[in-house]
Amino acid sequence: MRFPVSLTVNGARRRHEVEPRLLLVHYLRETLGLTGTNIGCDTSQCGACTVLLDGKAVKSCTMLAVQADGASITTIEGLAKNGRLHPVQEAFREKHGLQCGFCTPGMVLTACHLLEKNPKPSDADIRHGLEGNLCRCTGYQNIVAAVREAAARM
Amino acid sequence: MASKVFGSSVKRKEDPRLLTGQAKFTDDFTLPHMAHLAVVRSPYAHARIKAIRTKKAAAMDGVLGVFTGKDMKDAGFGPIPCAWVVPGSNAKTPPYPPIALDVVRYVGNAVAIVVATDRYVARDAAEAVEVDYEPMPVVVDAKKATEKGKPQLHADVPSNLAFTWTVAGGDVDAAFRAADVVVSERIVNQRLIPNAMEARAALADYRSATGEVTLWVTSQNPHIVRFLLSLDTGIPEQKIRVIAPDMGGGFGSKIPHYPEDTMAIFASKQCGCPVKWTETRSENYRGTIHGRDHIQDVEMAAKKDGTITGIRATVWANMGAYLSTASTGIPTILHGLMLSGAYDIKNIKEVVHGVFTNTTPTDAYRGAGRPEATFMVERLVDLVAAKLKMDPVEIRKKNFIPPFTDGHAVATGITYDSGNYVGALDKALQMLDYKALRAKQAELRKKGEHIGVGFSTYAEICGLGPSAVAGAVGFGGGLWESAIVRFHPSGKVNVFVGIQPHGQGEETTFAQIVSSELGVPVEDVEVFHGDTGQTPMGWGSYGSRSTPVGSGALMGAIVKIRDKAKIVAAHLLEASVDDVEYADGKFAIKGAPSKAKTIQDIALMANVAWNYPKGLEPGLEASAFFDPSNFVYPFGAHAAVVRVDVETGEVRLERYVAVDDCGRVINPMIVEGQIHGGVVQGIGQALWEGAAYDDSGQLLTGSMMDYAVPKADAFPLFELAMTETPTKVNPLGVKGIGETGTIASTAAVYNAVMDALAPLGVTQIDMPLTPERVWRAVRDARR
C-alpha cells in the first residue's frame, strides 16, 4: 500500500506515493536523490540525518516520510543560496569545524536552528545545544568555535 | 621553502563539498539496475548451524537470491586472509569464512545473505531466513579463555592461544631483584568501539563479459583491499578496481578487508547486477572491528632515588573470534616495542598472549597498541612516584631520555628518531602554572574538595614504516608510499597519491607542499586519492603515516619536476642548466633574475613540446616512491585537571593542556584539529566508553543508546601548544599527529582522577571511570 505525500524540499514542491514505513531520510536520499543528508545510527543518537522541518531541526531517521506530508524541509543541499555558503557553513570552514564531514550536514543544520532560537549563545549554550549531534573527529572544540563565529556574523 | 604557505593555516580544500552535501560517500552511489544486500547474522556467540531454510525468503517479491557460506565456497570465494602474522609467535590463523560454514563464533557472525531489488525488502527477507542453531559454550574473557576446561573456538588452536609473542631487552629479573621498590598492577584496558560516524558500505559492480569488478568501499587502504580481494575472490588483481570515495572517518576500523567486501562481489556476480550493502549502526557494533581489550599484569622496578630500572608484563590481548587483517601486529609490534615510553628503562620484558574469544574481532583502533602501552607506562610511573612520595613531574624528569636529534636506541630494540621530552613537559608546566595549581589543590583539599592533576608524557611510534621492517615483523605488505605530480598545459596541477585520507586534510596539506615547493597557488592543485584505477600503488592511511611517508613520496616527485623544469628553462633561456636557479616558482639565470621562466611557462612548453631540449621526454609529470629509513616518534606532555564529586562519583574535566611535537608543522589549524579529536577519544576511554559482553557473549552495548560516545558538553576548551623537533627520517622533517591525542589523554585523565582521590586511599578503578565506579571505589575506601 502506498500513500501520497506532498512536501516542499529546498523550495521545490515534491509529490510522491510512498510506502507508509518509508523513513523520511530514505525518502530524501533515495526517492529524491538528496544524499547530503547522512545516516549515522539507527537510534536517533547521532544527529547526522538532521534536517530543518518547518524551520526546526529534526532527525530524519526518526520520522516517516508520510509524517512530513505538507511540511517544508531544508536539507544541507538547500542551505547555500546562489552559490554562496550560508554564514554557518562559512564559519565551519573558517574555524575548521569539520574533518571527515559526515556529521557536518546535521551539525550545520542543528547550529542554524540553535542560532535561530538563541542568536547570542554562550559556549555552554552551544555545547548544550549540540548534545544531540555526535562528532567523532573534531572533539567539538572547533565546532563550538564555528557556531560562535557564525553567531557573530549573522 | 621560502613560501609562507608551508606552516600556515590554509583553509581546507575538502570543505566546500562536505559543507554543501556534495560529497559522495559510498552509500551515496546508486547504479542502474542496482540491488541491495542484507546480512543474516548470528544471535548466538557460539553455536553449530544445524539448518538454514531460505525458501520463504527466496519466494518474497523482489528477492533476487539468498545465499549461504556453502554457496560462496562452492563459487570459489575463500576465507578472509589475515595480513599480519607476527613471526616467532607460533601464530595460528584458522580460516575466517566470509559467511559461517558450520559454526558461528560471535554474535554478528554472518550466516546467510539476501539480495533484493529494494533496501527494505532485503531486510524483510533477511528476517524471513530461518536458521536452526545448537548453542555451544561461550568464553568472552581473554585470560579465562586460556584456562583449562574453557570452550575452544577453533579445532587446531588449543587454549585459544592465537599466538604468544615476547619482547625482551636487558636483564629484567636482575633489575627486579636489585630494585628498592616494585609496584604491580592489574590493568584492564577495556574494549572500545571505534564509532566512525559513517558505518561501512560496499557497492560491487561485476561485469561478466570482462570478468572485471569495481568495488566502492569504505576503506582506509583501497590498494590493500584490492590485493587481498585478489586472494579470496579468485578475480585477478588487474581486473579489480577498488574505489574508496569520501569517507566518514575510520579510526582504524576501515583498515581491515571485511567479509562484506567479498559478499558484495559474490552477490553481484551471482545476480548479474550491481549490489550494494550498507551497514546499520547496530550491525557496525557487532560486525566491524573493536579495539583495545587487554588484560595486563604489570610491574615496575625502581631505585630509591626514583630511577626506573625495569618493566615486566604479561598481557592477554583479546583478538575476538577470528584474526582480522592487521590484528596480530597491534598488541605486539605497535604495543610491546613502546614500553620504554619517553624514558630510559634499561630492562623490559613483556609476554603477549593473543587469545581467541567469542567476541567481535579486534584490530587497529586509533592509537592501536600504543595507547595500551602508554597507559601502562604512565600509570606505573605514577604508582612508583606515589610509593616514593615523589612528585609525578619529578620522577618523569629524572627518567626522561635526554634531548636527542640523531636517534636513541631503547631496550625493546627500536631506535627513536628525535625527541625533547623535557622541553614539552616544561612547556606544559608553564601553561598549567603548576606550582600555583598544586597550592590551590592543597587548599581545596582542606575544604574537602577533590581536585586532581594528571600527566601523560608520551612518546609513540608511527609513520609506518620501513618496508624491510614491515616484512621482518610479518606484515604482509610494504609500507612505502607513492605520488605522481602532473602539470597540465595551463600550469595547473593534479597530484595522485597512494594514501587515503578521510578527514585528515591531506588534499590541503599536500597542495600546500606543492605550492611551497613549486610556486603554484594552492588553489591550482588538486589531490586525488582512493581509487586503484587512478592512483599509484600505496599502502593507505593508518598508523599516522599519510603525511610522514606520503610527503616523502610527494617530495621525491617534486624534486624530479624541478630538475626537469630546470632543463626546459635553460633551453628556453638559452643558458646552461648549471646557470639556472630555482626560487619561488621561477627559474632564472643566476645573477640575472629578470631573465626567468615561471613553472607555468615551462608546464606549457613541456606539454606542447614545440621548442624543446633535444632528447628530453615531453610532458611535465613525475612519479616517485618513498620508503622511509625509520618510523617517526612524535611525543609530548599532556596534563588534565579534574574535579571529582565524591558524593556522586562524577568526574568533571576542568582543564586539559596538551603540548605535542610532530616535527615541522605544515598546517597548524589541521594539526590542532587532529589533537582535539584524538584527545576526546582518549578521554572517552578514561571516563565513559567501554564495550560490554555478558557471559553468553551478547553485546550489552549494542547501539549508541548504550555506548557512550562523548558529547560536546563534557569538555572545557583545550589548551594546546607545540614544540618542534624535526625528524631526519623524511625530507620535510614531519611526524604523524593523527593518533597522539588518543595515545596521551587516557592516562592523563586517569592519573588526574587518582590524584584527586589519593587522600581517600583510592589507587585503582577499572576504566571507564563512570560515576558509579568512582562512587563505589570511594565508598569502599571509606569503609
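Buried residues are those under 20% relative accessible area, exposed ones are over 50%, and partly exposed ones lie in between (1.4 Å probe, protein chains only). By this criterion B:C662, at 2% relative accessibility, is buried. The model is predicted: local features need pLDDT of at least 70, side-chain atom pairs count only at pLDDT 80 or more, and totals for chains, interfaces and linings use all residues. Residues are numbered from 1 along each chain as its sequence is written, chains are lettered from A and ligands numbered from 1 in the order in which they are written, and side-chain values use heavy atoms, with hydrogens and water left out.

Cysteine pairing was examined over all chains. A disulfide is taken as a pair of cysteine sulfur atoms within 2.5 Å, and the search of the whole structure returns 0 of them. For B:C462, which is in no disulfide, the nearest cysteine sulfur is that of B:C662, 9.1 Å away. B:C462 counts as buried because its relative accessibility is 0%. B:C662 is likewise in no disulfide, and its nearest cysteine sulfur is that of B:C462.

Another cysteine, A:C112, lies in helix α3 (residues 104–117) of chain A; helices (H or I, at least four residues) and strands (E, at least two) are DSSP runs numbered from the N terminus. A relative accessibility of 9% places A:C112 among the buried residues. With contact defined as heavy atoms within 4.5 Å, A:C112 touches A:L52, A:L79, A:H86 and A:V88, residues up to four places away in sequence not being counted. The C-alpha atoms of A:C112 and A:A145 are 14 Å apart, at a sequence separation of 33 residues.

In chain B, B:S89 is located in the loop between α3 (69–74) and β4 (103–104). This serine counts as buried, at 1% relative accessibility. Leaving aside residues up to four places away in sequence, B:S89 touches B:F163, B:T164 and B:W165. From B:S89 to B:D180, 91 residues apart along the chain, the C-alpha separation is 33 Å.

Salt bridges were assigned where a side-chain nitrogen of Lys or Arg is within 4 Å of a carboxyl oxygen of Asp or Glu. The structure holds 56 of them over all chains. In chain A, A:R153 is paired with A:E94, with 3.9 Å between the closest N and O atoms. This pair links distant parts of the chain, A:R153 being in helix α5 (residues 141–153) and A:E94 in helix α2 (residues 87–94), 59 residues apart. Both partners are partly exposed, A:R153 at 36% relative accessibility and A:E94 at 35%.

In chain B, the side chains of B:R12 and B:D15 form a salt bridge with an N to O distance of 2.8 Å. Here B:R12 is buried at 1% relative accessibility, and B:D15 is buried at 0%. A further salt bridge joins B:R17 to B:E507, the closest N and O atoms being 3.0 Å apart. This pair also links distant parts of the chain: B:R17 belongs to helix α1 (residues 15–19) and B:E507 to helix α15 (residues 506–518), 490 residues apart. B:R17 is partly exposed, with a relative accessible area of 26%, whereas B:E507 is buried at 9%. A network of salt bridges links A:R29, A:E30, B:D27, B:D28, B:R119 and B:K276.

At the interface, 55 residues of chain B are in contact with 47 residues of chain A. The buried area, that is, the accessible area (1.4 Å probe) that two parts lose on being put together, summed over both, is about 4400 Å², and carbon and sulfur atoms give 55% of this. B:L19, B:Y120 and B:M197 supply 19% of the area that chain B buries against chain A, more than any other three residues.

Across the interface of chain B and chain A, 5 salt bridges are found. B:D124 and A:R21 meet in a salt bridge through their side chains, at 2.7 Å from N to O. On the side of chain B that touches chain A, the elements giving two or more residues are α1, α4 (119–128), α8 (281–287) and α18 (668–687) of chain B. The largest share of that side, 8 residues, comes from α18(B). Its residues divide into 25 nonpolar, 15 polar and 15 charged, where Ala, Val, Leu, Ile, Met, Phe, Trp, Tyr, Cys and Pro count as nonpolar, Asp, Glu, Lys and Arg as charged, and the others, Gly among them, as polar.
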